[in-house]
Amino acid sequence: MTNIVELKVKPDFIKHYKNKYPLITKDAIANPGALSEEGMIVHLVDQHSRFLAKGYYGKQNKGLGWVLSFNENEKVDTVFFKNKILAAINKRQSYYHDENTNAFRIFNGEGDGIGGFTIDYFDGYYLISWYSKGIYSFKDKVIRELDELGDYKAIYEKKRFDTKGQYVDDNDFVKGEQGEFPIIIKENGMNYAVHLNDGAMVGIFLDQRDVRKAIRDKYAKGKNVLNTFSYTGAFSVAAALGDATKTTSVDLAGRSKSKTIEQFAVNGIDYEQQDIIVMDVFDYFKYAKRKELKFDLVVLDPPSFARSKKHTFSTAKDYPGLIQDTLAITEKNGIIVASTNNASFGMKKFKGFIDRGFNGMKYKILEEFSLPSDFQVNRNFNQGNYLKVVIVQKLG
Ligand code: SAH
């Protein structure tokens, strides 16, 4: 144990680690120069070299690495990884036993005790997302545990750790029997096409599962639905299966059209009865206003930041404006599903943005969602609880 690197925590930050904060932040460390190789184990210590926590060095935009244990005697070895992964899987037993759903997250980074990677399960396929070179150095331990669990079809991975924290385009196949994509997964009885070997995104964001179900079961029936920032149209599919009269999906990306057609098709929905529009949402708002189109239910799920040719959108700044644009094309007593995955603010602030968007107009909050339970959150790390969805009805 003599050559463990000690990172000195600045006095102001000591209480964070005494309170079990899991992220090693740059501003907390007095001697970041001591870090050399990503994946190395470090000890966080106070100014008298007293132990606070141990963790690993792995550079992410969020920080320098993650705490793995607050116990000086705990070893970070194969057994450590095994125990964390088994505990995580135990917590998801209700998902494993759900006959209508076979895609869910089985390991959620710091929420399950090891920050920097996640594992999703898609009907027998595992997808590991690695968020730093440091955590990637523990790959063998993670794979070994998945092997021991046995009985899987294949393991795929996404490396999300180039210099900008972006996806590294690579061969995503790790081991097993290569899949034929898309595979069709089930979520609350709905089908979704998933591609594990086609770029950073796989076709569905599992964290919106409960919202899709709510749209199908409670909000879509008989409604004319607009789905903005629609990606593969997952919300549109849920609305159509919930007997919406029609859905309109709008996304800027050219690929969104064929991807959305695919999602409708795997559910036996005639996509020609639906509108799928490749357009900047902000242009679509203008178009819809000009054509006097109105919708009963509008889904707003923008990325945290988006840059198109004409617009830069940042949720933290522009959400009130987005609500305002939406209200102009929402029917009387219409419903807006307002969503954001921006971790930099919480629910209270988000509701403030919505309130500002309504600008004195009356409304009622019908329902709120945050992450589903397979996206375990570390209670000492609020930023991990990023998803906020508010379903709000315009009154009048
Ligand atoms: N709501 C989707 C996920 C949205 S991901 C779902 O639940 O599956 C964000 C999407 O926003 C991406 O597909 C991206 O192409 C799209 N996007 C970003 N800026 C946009 C803009 N200005 N207009 C339309 N789409 C945009």
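Contact here means heavy atoms within 4.5 Å. Leaving aside neighbours within four places in sequence, Leu44 is in contact with Leu7, Val9, Tyr17, Ile24, Ile29, Arg50, Phe51, Leu52, Ala53 and Val67.

The model is predicted, so local features need pLDDT of at least 70 and side-chain atom pairs count only at pLDDT 80 or more, while totals for chains, interfaces and linings use all residues. Residues are numbered from 1 along each chain as its sequence is written, and side-chain values use heavy atoms, with hydrogens and water left out.

Next, the overall layout. The chain is divided into domain 1 (5-69), domain 2 (78-181) and domain 3 (205-394). These bounds come from an automatic or database domain assignment. The centres of domain 2 and domain 3, taken over C-alpha atoms, are separated by 28 Å. Across that pair, 13 residues of domain 2 are in contact with eleven residues of domain 3.

Now the cores. A nonpolar core is a set of buried Ala, Val, Leu, Ile, Met, Phe, Trp, Tyr and Cys residues joined through side-chain atoms within 4.5 Å. Buried means under 20% relative accessible area, exposed means over 50%, and partly exposed lies in between (1.4 Å probe, protein chains only). The largest nonpolar core has 48 residues. Leu44, Phe117, Ile119 and Ile128 have the most contacts inside it. Helix H2 provides the largest share of this core, five residues. Domain 1 and domain 2 each give this core at least three residues. Apart from it lies another core, of 43 residues, with Ile185, Ile204, Ala234 and Leu387 among them.

Helices (H or I, at least four residues) and strands (E, at least two) are DSSP runs, numbered from the N terminus. Ile85 lies in helix H2. Is Ile85 buried or exposed? Ile85 is buried, with a relative accessible area of 1%. Not counting residues up to four places away in sequence, Ile85 touches Phe107, Val142, Glu145 and Leu149. Ile85 and Ile114 are 29 residues apart in sequence, and their C-alpha atoms are 9.2 Å apart in space.

On a 1 Å grid over the protein atoms alone, a pocket is an open set of points where a 1.4 Å probe fits, with protein on both sides within 12 Å along at least five of seven lines; lining residues have an atom within 4 Å of a point. Grid points are joined across faces, edges and corners, and a volume is the space filled by probe spheres set on the points. The second largest pocket holds about 460 Å³ of space. Its lining has 23 residues, and Lys84, Glu110, Asp112, Gly113 and Asn378 are the closest to its centre. Which element gives the most to this lining? H2 does, with five residues. By type, the lining of the second largest pocket divides into nine nonpolar, eight polar and six charged residues. Ala, Val, Leu, Ile, Met, Phe, Trp, Tyr, Cys and Pro count as nonpolar, Asp, Glu, Lys and Arg as charged, and the others, Gly among them, as polar.

Some backbone details follow. Most residues other than glycine have a negative phi, and most peptide bonds are trans. A cis peptide bond joins Phe181 and Pro182, with omega about 5 degrees. Pro182 sits in the loop between strand S10 (173-176) and strand S11 (183-187). Asp151 is not a glycine, yet its phi is positive, near 60 degrees. Asp151 lies in the loop between helix H5 (139-149) and strand S9 (154-159). Asp151 is exposed, at 82% relative accessible area. Asn188 also has a positive phi, about 45 degrees, without being a glycine. The loop between S11 and strand S12 (190-194) holds Asn188. Asn188 is buried, with a relative accessible area of 13%.

Two further residues complete the tour. Lys294 is in the loop between helix H9 (281-290) and strand S16 (295-300). Lys294 is partly exposed, with a relative accessible area of 36%. Beyond four places in sequence, Lys294 touches Asn224, Ala328, Ile329, Thr330 and Glu331. Lys294 and Glu331 are 37 residues apart along the chain, and 5.5 Å separates their C-alpha atoms. Ile261 lies in helix H8 (residues 255-265). Ile261 counts as partly exposed, at 22% relative accessibility. Ile261 touches Tyr271 and Ile276, not counting residues up to four places away in sequence.
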